[in-house]
Amino acid sequence: TMNIAKLDESSIKNSKKLIRRVLSATIDNPNNPDSLNFFQADTYRFYFLMSFMWESFEGNEISQEYAISLVPKKFASRIKRLQVLKQAVQLGYIIEKSSEVDKRRRIYFPSELLLNDFIKYANDSDRADKLDKSAENSF
C-alpha cells in the first residue's frame, strides 16, 4: 500500500488542486445551473457531457449512434445512454433535429441554454485555476 506521508509535497499540492477544482466546479458550486446538475448526477452523464461538448466544439455532427457511443461501454447500458440523451432533449439541454440528408437520421447539438451554462462553467473553472496559480506565487 502507498503511504500518503511518502508522497512529495508538490504531488500532494497538485492532487489537492485537482480535487478542489473539480469539486468547486461541481458539487461544491452553489451557483450550479440545473443543466450542469443534471449532467453531474452520475459518472456516465458527466463523461457524456464532456465528450458531447468536445465533439460540438470540434464541429462534428453528432448522430444518435455517435452520441451514445461517446463514453466507454462499462459506464452505462445502451438503454441508459438513450434515456439520458432523450431526457436531455426533453429538458431543453440538447436539441434534436432531423438530418438534411436523411430525414430519419437524428442530429444532436447543445441548446443555447446548455452552451451558455457550459461556457460560464468553463470560465469559472479557469478563474479558479488562475486564483490557484496566483496563490501559489505568493508563497
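Predicted model: local features only at pLDDT ≥ 70, side-chain atom pairs only at ≥ 80, totals over all residues.
Seven salt bridges were found when the whole structure was searched. One of them joins the side chains of D42 and R45, with an N to O distance of 3.4 Å. The two partners fall into separate accessibility classes: D42 has a relative accessible area of 25% and is partly exposed, whereas R45, at 14%, is buried. R45 is assigned to the buried class because its relative accessibility of 14% lies under the 20% cut-off. D42 and R45 also belong to a network of salt bridges that includes K80.

A further salt bridge pairs E65 with R78, and the closest N and O atoms of this pair are 2.9 Å apart. E65 is partly exposed, with a relative accessible area of 46%. For R78 the relative accessible area is likewise 46%, and this residue is also partly exposed.

R104 and D102 form another of the salt bridges, in which the closest N and O atoms are separated by 3.2 Å. R104 is exposed, at 71% relative accessibility, while D102 is partly exposed, at 25%. The exposed class applies to R104 because its value of 71% is over the 50% limit.

Key:
Residues numbered from 1 in each chain as written. Heavy atoms only, no water. Salt bridge = Lys/Arg side-chain N within 4 Å of Asp/Glu carboxyl O. Buried < 20%, exposed > 50% of the residue type's maximum accessible area, 1.4 Å probe, protein only.
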